[in-house]
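Load the model in your viewer and keep the selection tool at hand. We will go stop by stop.

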Amino acid sequence: MAPTNGSILATESWDIADFVINTGHGVKGLAEMGLKSLQKQFHQPLQERLSEKKILGQVSIPFINKLKWESPEVAKSICDAAESWGFFQIVNHGEKRKYSKENSPTNNVRFGSSFVRHVERALDWKDSLSLFYVSEEETAAFWPPVCKDEMLEYRKSSEVLIKRLMHVLVKGLNVKRIDEIRALMLLGSRRATSTTILFNLNYYPMCPNPEHTVGVGRHSDISTFTILLQDDIGGLHVRKDNGNGWIHVSLISRSFIINIWDPLQIISKGRHKSIEYCVIANGSQNMILVLLFVNPKPEGILCPFPEVLANGKKPLHFYTKAHVGNKTIDFAKISNVCDENM
C-alpha cells in the first residue's frame, strides 16, 4: 500500500516504481497525492534535461498549408522538410479530427510509463496507453470503451493521409511505385491496402519540479513515421540538425505534426532525416499528446532502395532488429551492426 501524501517523503521503503508501473497507478496517481517535490527516481541526468539556454528562439519547423496532394510544389515542400528537418506540420489537411503490460489480456493493449524501465537511468514523467490495431474483433474485445470508437474513427480517417504521405516521400527518392514488398517493408502490412498502426495516448501530469525531469526523453524511433496531435498546452521540442539546440514546436490549431523516423532515413540513404524529439514536463498544467505510429514489418530487413543507390553509392545503415529503449538511429549504422555480429 502506498503511504499517504503526508508521510510520503519520510517513507524510504516505499517502491515508487512499483506503485507507478506494476500496480498501474501511473504517474497520474503519484501526482494526485500532492507531492511537494519530485522523487529521485524521476530525476534525469543533467545532460538529458532541457534547459532554456538549449532552446533556439525565433526558429520553427516548416508547416504546409492548404494541402493539395497532386501539386508539385506541395510534394517538393514535403520532401524538402523531410530532408532538412525530419519534422513538419500539416494544416488544412482535410482529415477528421488499467491495461498494464503484465496484466493486459492482450499484448496489443498496454499501460506503461517509461520506455524500458530496466535499461533507463531515470523514469519519465508520463503515463502512456498503447493501442496496437490488429483487427476489428480484437479492438472490440480489448480496447478501453472510453476511447475505442474515437480511436477507430481516427485510424480509418488517417489511412488516406498515411498513404499520400508515403507516396510523396518515396516518389521524391525517384521510386516510381510502392509495390507489395515495399509496402510490407515500410507499412508492416501483408496487404498493400492496409497499414500497421500503433496509437500512444500520452498523459503528462503537472510536475512539482519540471526542471529536474522530462515528460519524454530525447529519442528517435523505429516507426516509418509518426503523426502527432498536441493539446493546447504543448511541450514538444525537436533537435535542430542533431546539434545541442532544440526548437519548440509551435501550437497551430488542428495541425498534424509529421515526424520522420529511422526506416525512412535508412531507405533514403540519409536524405530523409530521423530527428530526435522530447517533451518537457510542465509545472502548472497537465498535458496530452496523441501519437499515431506507422510501423514497418517487425521482422523485416531495411536497407536503401536500389533507386537510391544508383551510381555505385553504398548504404550507411542496415536494419535487422528493433533498438531497445530510446536509442537513436546510430544503432543501425553498418559499422555498428558488423561489430555486434562479430
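This is a predicted model: local features need pLDDT of at least 70, side-chain atom pairs count only at pLDDT 80 or more; totals for chains, interfaces and linings use all residues.

**Stop 1: a pair of side chains**

Select Lys28 and Glu32. Their side chains meet in a salt bridge, with N to O at 2.5 Å. Is Glu32 buried or exposed? Glu32 has 57% relative accessibility, so it counts as exposed, the cut-off being over 50%. Lys28 has 35% and therefore counts as partly exposed. This bridge is one of 9 salt bridges in the structure.

**Stop 2: a salt-bridge network**

Next, select Glu48, Arg218, Arg239 and Glu276. Salt bridges link these four residues in a network. Centre the view on Arg218. Arg218 forms a salt bridge with Glu48, where the closest N and O atoms are 3.0 Å apart. Arg218 also meets Glu276 in a salt bridge, at 3.1 Å from N to O. Which parts of the chain does the pair of Glu276 and Arg218 link? The parts are distant: Arg218 belongs to strand S6 (residues 216-219), while Glu276 sits in the loop between helix H7 (262-267) and strand S11 (277-279). The two residues are 58 residues apart.

Arg218 is partly exposed at 28%. Glu48 is partly exposed as well, at 24%. What about Glu276, buried or exposed? Its relative accessible area is 6%, under the 20% cut-off, so Glu276 is buried.

**Stop 3: a serine in a helix**

Move to helix H5 (residues 148-171) and select Ser157 there. Show its side chain together with the backbone of Tyr154. The Ser157 side chain reaches the backbone oxygen of Tyr154 at 3.1 Å. Ser157 has a relative accessible area of 16% and is therefore buried.

**Stop 4: the cysteines**

How many disulfides does the structure hold? The count is 0. Cys147 has 10% relative accessibility, so it counts as buried. Cys207 is also buried, with a relative accessible area of 2%.

Stay with Cys207. It is found in the loop between strand S5 (197-204) and S6. Cys207 and Ser284 are 77 residues apart along the chain, yet their C-alpha atoms are separated by 7.3 Å.

**Stop 5: the largest cavity**

Finish inside the protein. Select Tyr204, Gln230, Asp231, Gly234, Gly235, Leu236, Val279, Met287, Ile288 and Leu289, which line the largest cavity. The space within this cavity is about 50 Å³.

Which strand gives the most to the lining of the largest cavity? Highlight strand S12 (residues 287-294): it gives the most, with 3 residues. Now colour the lining by class. The lining has 6 nonpolar residues, 3 polar ones and 1 charged one.

Keep one view of the network that joins Glu48, Arg218, Arg239 and Glu276. Keep another of Ser157 reaching the backbone oxygen of Tyr154.

Key: Residues are numbered from 1 along each chain as its sequence is written. Side-chain values use heavy atoms; hydrogens and water are left out. On a 1 Å grid over the protein atoms alone, a cavity is a set of points where a 1.4 Å probe fits but cannot get out, and a pocket is an open set with protein on both sides within 12 Å along at least five of seven lines; lining residues have an atom within 4 Å of a point. Grid points are joined across faces, edges and corners, and a volume is the space filled by probe spheres set on the points. Helices (H or I, at least four residues) and strands (E, at least two) are DSSP runs, numbered from the N terminus. Ala, Val, Leu, Ile, Met, Phe, Trp, Tyr, Cys and Pro count as nonpolar, Asp, Glu, Lys and Arg as charged, and the others, Gly among them, as polar. A disulfide is a pair of cysteine sulfur atoms within 2.5 Å. Buried means under 20% relative accessible area, exposed over 50%, partly exposed in between (1.4 Å probe, protein chains only). A polar contact is a pair of N or O atoms within 3.5 Å; within protein, one must be able to donate a hydrogen and the other to accept it, and residues adjacent in sequence count only if both atoms are side-chain atoms.
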